[in-house]
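The entries follow the order in which I checked them.

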Amino acid sequence: MKGKTPKTFAMLLLASALAITAGCSGGGTTASEKPADSGDTTSPITFTFFGADASPNWNNMKDAVGQEITKATGVTIEAEYDVNNGGDQKIPLMAASGDYPDIIFPKGNLSKLVDAGAMIDLTDLIEEHAPNLKKIYGDQMNRLKYNTEDQAIYTIPTNMGVDNLSFDATGGFEIQQRVLKELGYPEVKTLEDYENVLRAYYEKHPTIDGQPTIPLTLNADDWKIMITVTNPAFQATGAPDDGEYYINPETYEAMLHYKRPEEKEYFRWLNKMYNEGLLDKDTFVQKDDQYKSKIASGRVLGLIDQEWNYGEAENALKSVNNGEKTYAHFSVSLNKDIVDHTFQPTGFDGYGIGITTSAKDPVRIIKFMDWLASDEGQVLRNWGVEGQQYQVENGKRIIPDDVQDRKTNENSAFTKETGVGMYNAFSARYGDGVKDSTDNYYTTNFPEQIQAGYTAAEKETLKAYGITTWKDFYPSEDELKLKDWGAAYNMPVPSDTDYNVTFQKTQDIIRKRIPEAILAKPENFDSVYDGLLAEIDKAGAVEMEKQYTVWVKDRVSLWTGKDVK
């Protein structure tokens with residue numbers, strides 16, 4: 001959907017009369033107000049930034065990597081990060097007020113900014129000033145375009161590396177290492193297996209360090225209910241991650257994934273866990289910090305989560321007894337016949353960073369992003385400063401043992417001090433498994449380095465199961481078909497349509513009724529769950545699904561050239 005403000009850089013340099021004719025939104029600046037800086041200088045300059053994801057270790061670029069970035073580019077970032085809402089509250093306020101930072105990582109709220117006319121089209125900026133970005137994205141540039149009607153590039157994807165190959169699993173169904181060790185490293189492949197492990201240890205250890213043991217807890221605070229409560233329903237039943245939808249791989253038809261009969265059985269299992277005292281009774285009332293506090297206490301045996309969501313709490317456990325209270329990651333399914341699609345390839349697709357109409361110097365910003373995308377910039381962001389966080393021996397980058405020890409056991413402090421991994425959101429990058437011209441990996445996430453980063457307890461668990469990384473528990477990408485539409489949750493949808501109103505209605509119902517179904521008496525589960533399905537349809541889900549199907553097909557057409565109308 002086209003916004004009201006000129007979005008291409010060329011348009012930004014038009015006369016003010018043309019800018020006025022086109023109109024401008026809120027507090028966005030017009031083309032005549034923007035100085036035409038060459039972007040070649042490295043003199044000191046500060047850009048404001050908003051990131052929709054939390055970044056608890058941000059150190060205002062006073063870390064080692066940040067200082068090197070400023071030295072090379074002259075740029076300092078004045079950053080604000082969302083704490084817990086993924087930008088869902090802050091970004092609509094920006095769009096309404098027209099008050100934007102220079103640079104923004106909007107995550108799933110890009111459409112609100114585009115429809116408000118807040119975003120600059122980066123196409124010409126990339127073509128004229130960003131050779132490194134062009135090199136990285138290569139033949140993937142079509143995937144950066146907004147949609148078939150508006151083929152502008154409003155953000156460059158940064159939360160996923162190009163040509164990424166995952167070497168490890170960092171989500172799924174988690175169990176503490178000490179639990180597995182005491183029980184003799186049992187097989188954990190089904191929900192029943194997972195439940196039996198938690199129950200067996202809980203019955204033997206009803207308290208830990210004087211506090212009640214918690215077999216399983218989930219984080220249902222705000223949008224994170226999707227991560228630990230509702231998303232695992234499709235993972236455990238063999239569907240890939242497409243956000244709130246299941247997309248038929250043959251017809252591209254979309255429906256809310258809760259309508260799949262097998263997912264009802266997943267939620268029935270959570271209902272059983274709750275009624276048998278294995279699911280934390282506070283799951284649906286605790287806040288994010290309370291959830292993390294429980295994990296950090298070491299008394300939570302199991303999680304169903306992603307490391308990025310609980311890693312801060314787990315870091316407190318890594319240096320205790322060789323990390324025995326850290327978590328192993330399992331692929332767990334409703335039954336043994338289901339194939340886990342966690343690693344189904346999507347092709348290149350991801351949330352990204354963009355420049356707003358409030359930016360006074362878009363050229364300088366794109367050149368900053370381009371430097372970060374250079375080999376020098378990528379190595380700095382991923383590895384740190386040579387001689388401090390890594391060394392080069394016989395042509396190979398290595399992380400010294402003492403540095404690796406801090407990185408593993410004092411992760412938060414290490415990250416805050418060094419800045420390693422803190423700047424990935426700011427520009428394009430190659431993914432795990434890609435090597436540079438020196439035959440070194442761009443990232444530190446390759447098998448040998450991943451294994452070096454495990455705690456002693458993790459290494460013991462992996463050895464006991466005869467595997468080298470947690471990903472070995474999962475079907476690999478080679479066993480699963482590439483998704484033509486990428487990851488649907490990354491697909492921006494217009495914010496000024498009835499779709500968004502209906503979607504929010506269905507979300508409100510789901511986030512109310514799913515907890516009710518899980519907390520219901522077993523004999524009432526079916527009526528509550530069936531009531532949920534009827535209620536979302538009554539709220540307009542069927543028409544909403546049809547509209548979403550159209551957008552999915554448009555995306556497939558844009559990316560692949562297929563006629564799937």
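**Salt bridges and a buried strand**

I began with Glu535, which counts as partly exposed at 28% relative accessibility, where buried means under 20% relative accessible area, exposed over 50% and partly exposed in between, with a 1.4 Å probe and protein chains only. I note that this is a predicted model, in which local features need pLDDT of at least 70, side-chain atom pairs count only at pLDDT 80 or more, and totals for chains, interfaces and linings use all residues. Residues are numbered from 1 along each chain as its sequence is written, and side-chain values use heavy atoms, with hydrogens and water left out.

I then found that Glu535 forms a salt bridge with Arg513, the closest N and O atoms being 2.9 Å apart; the term requires a side-chain nitrogen of Lys or Arg within 4 Å of a carboxyl oxygen of Asp or Glu. Because Glu535 lies in helix α21 (residues 525-538) and Arg513 in helix α20 (residues 498-519), the pair ties together parts that are 22 residues apart in sequence. Helices (H or I, at least four residues) and strands (E, at least two) are DSSP runs, numbered from the N terminus.

I also looked up Arg268 and Glu265, whose side chains meet in a salt bridge at 2.9 Å, N to O, and which are three residues apart in helix α11 (residues 261-275).

Last, I checked strand β5 (residues 171-176), where six of the six residues are buried, so the strand is largely enclosed by the rest of the structure.
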